[in-house]
Amino acid sequence: MERAILVGLDLGKTSDFENSMAELDSLAKALSIEVVGICTQKADAPTSNYYIGKGKVDILKQDIMTLDANLLIFDDELSPSHIRNLEKALEIKIVDRTILILDIFAKRARTKEAMLQVELAQATYLLPRIVGMYRSLSRQKSGTGSKGPGEQQLELDRRVLRDKITKTKRELKDVVITRRTQRNKRRQASIKTVAIAGYTNSGKSTLMNAILMHAKKKPEKYVFEKDMLFATLETQTREVSLEHNRNFVITDTVGFISKLPHNLIEAFKSTLEEVKEADLIMHVIDVANPNYQLQVATVETVLTEIGVSNIPIINVYNKIDLVETPSLETENNAIYISALNDNNIDLLLKKIDQLLYNEIKTTNLLIPFAEGQIYSFLKDKANIRETTYTDEGIVLKVELTDDLLLKYSNYII
Ligand SMILES: Nc1nc2c(ncn2[C@@H]2O[C@H](COP(=O)(O)OP(=O)(O)OP(=O)(O)O)[C@@H](O)[C@H]2O)c(=O)[nH]1
Ligand SMILES: [Mg+2]
């Protein structure tokens, strides 16, 4: 049984330090690690030798003994030299948030693709870090200037890792090609695709199943959903048909988390390509989480990072059954649902249908000068083709989706 102390450096830059530490705790629990203590320090920057201050290292040494800990988990990705120095000073196993996330992914990976992606991320993470492990060995240098046994072993292991990375990348490429072929087929058949993205545990898979239920799919088509971090590791794609023969393909994806290891984003790019090439993205947000706004920001950052742009996004505020009075966001394309209780799924489907299929119509509107806010709203949200100022107000020739057309039907001329 591993007994861990969580260690975090509060750099004061982000307001989410406590949240991040709480999340680290969940990550540890997901690996059945017992958390026996927490050690935090406020600082302007990590120190170069121990990441935390030397004084804190001494305190930790005491804590490790008193709490009988055998593992330290740092909330940030540590450099190879940090790990080396800390291990030497404290004589205890040191891991960081990245390793935890990688371990969870490794534990959950079931399909060939997920396993390959995790292996690639682990090998890439390990490559610059294996140096430390052989430090003691490599000091046994032979006097002649030739390489000592440690160094030779290190070079060998590095080569093994590099070969592994190359091989895994090649195998993954084949998977990517298969996915691409499937996507191209869909595109040729002009089947629309909707991707579900969002923070881990926000309810993406539950939403997928709720939609499948509405589409009267057999339960064997349902996907795995569970109250745990990273329940879903590989994309799952299902076909859904709505009324009027309007079909689309819906894809459930891996969840995001703050400080998602970069290696992992790289490794999961093929999975996330589905999101990048979707016709529509549903961003599932867990409103019952007090930090959901930070989670939204994280997801938006990752989406940008993987190259999502110009794809309509519906912000799906989920788990409204858990909050008494949800503070409704007023943005366009927001919808409030409970995936678990099947609440507002029909509305969501209508919205999807609208966004995927309804032709955008060009209309003329007369906006009285007194209602300038409508004009500014449309300037932001719609494509205005012509603007003419008349005595009665502003005449706009504007492209509107059906819902906006309905909303401003009183102004149509
Ligand atoms: N109360 C409530 N719980 C929900 C709702 N939607 C999902 N959940 C619960 O939230 C937990 C996570 O749901 P999942 O659908 O597995 O979440 P996910 O986003 O797919 O998570 P990962 O695949 O791990 O990233 C489960 O225990 C669900 O039952 C909801 O609307 N209300
Ligand atoms: Mg899931």
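Predicted model: local features only at pLDDT ≥ 70, side-chain atom pairs only at ≥ 80, totals over all residues.
Let's start at a single side chain: Ser205 sits at 8% relative accessibility, so it counts as buried.

The magnesium ion (ligand 2) has Ser205 (OG) and Thr232 (OG1) as its protein donors, at 1.9 to 2.1 Å. That pair links distant parts of the chain: Ser205 belongs to helix α9 (residues 204–214), Thr232 to the loop between α9 and β6 (236–241), and 27 residues separate them. If the site looks incomplete, remember that water is not among the atoms.

Now for strand β5. This strand (residues 192–198) is mostly covered, with six of its seven residues buried. What does β5 pair with? Strand β7 (residues 247–252) runs parallel to β5 and is joined to it by five bridges; there, Ala195 has Thr251 as its bridge partner. Strand β8 (residues 280–286) also pairs with β5 in the parallel sense, again over five bridges, and here Ile196 stands opposite Met282. Both Ile196 and Met282 turn up, along with Ala215 and Leu280, in a separate nonpolar core of 26 residues.

Over to another sheet. This one is open, has four strands in the order β2-β1-β3-β4, and pairs in parallel fashion. At its edges are β2 (34–42) and β4, each of which pairs on one side only. From one strand to the next, the twist averages 25°. Between β1 (residues 3–10) and β3 there are four parallel bridges, and Ile5 faces Leu72 of β3. Helix α1 (residues 17–30) packs on this sheet, touching β1, β2 and β3, and its direction makes about 160° with that of β1. Helix α4 (residues 97–108), meanwhile, lies across β3 and β4, running at about 80° to β4.

Which residues have the most contacts inside the largest nonpolar core? They are Leu72 and Ile73, in a core of 77 residues. Its largest share, seven residues, comes from α5. As a general matter, nonpolar side chains in soluble globular proteins tend to be buried together.

Helix α3 (residues 80–90) is worth a look as well. Its buried residues include His82, Ile83, Leu86 and Leu90. Why do these end up on the same side of α3? They cover an arc of only 95° around the axis, and that puts them there. The background is helix geometry: with 3.6 residues a turn, residues three or four places apart point the same way. Among the elements covering the buried residues of α3 are α2 (54–67), β3 (71–74), β4 (93–96) and α5 (112–126). Just after the helix, Glu91 takes a positive phi of about 50°.

Zooming out, the protein has 15 helices and 13 strands. Of its 413 residues, 47% are buried. As for contacts between residues at least 6 apart in sequence, 68% join residues at least 24 apart.

Terms used: Residues numbered from 1 in each chain as written. Chains lettered and ligands numbered in written order. Heavy atoms only, no water. Buried < 20%, exposed > 50% of the residue type's maximum accessible area, 1.4 Å probe, protein only. Helix = DSSP H or I, 4+ residues; strand = E, 2+ residues; numbered from the N terminus. Arc of directions from axis to C-beta. Contact = heavy atoms within 4.5 Å. Donors = N, O, S within 2.8 Å, 3.2 Å for Na, K, Ca; no water. Pairing = 2+ DSSP bridges. Axes fitted to C-alpha atoms, helices over the stretch in contact; angles between N-to-C directions. Core = buried A, V, L, I, M, F, W, Y, C linked by side-chain atoms within 4.5 Å.
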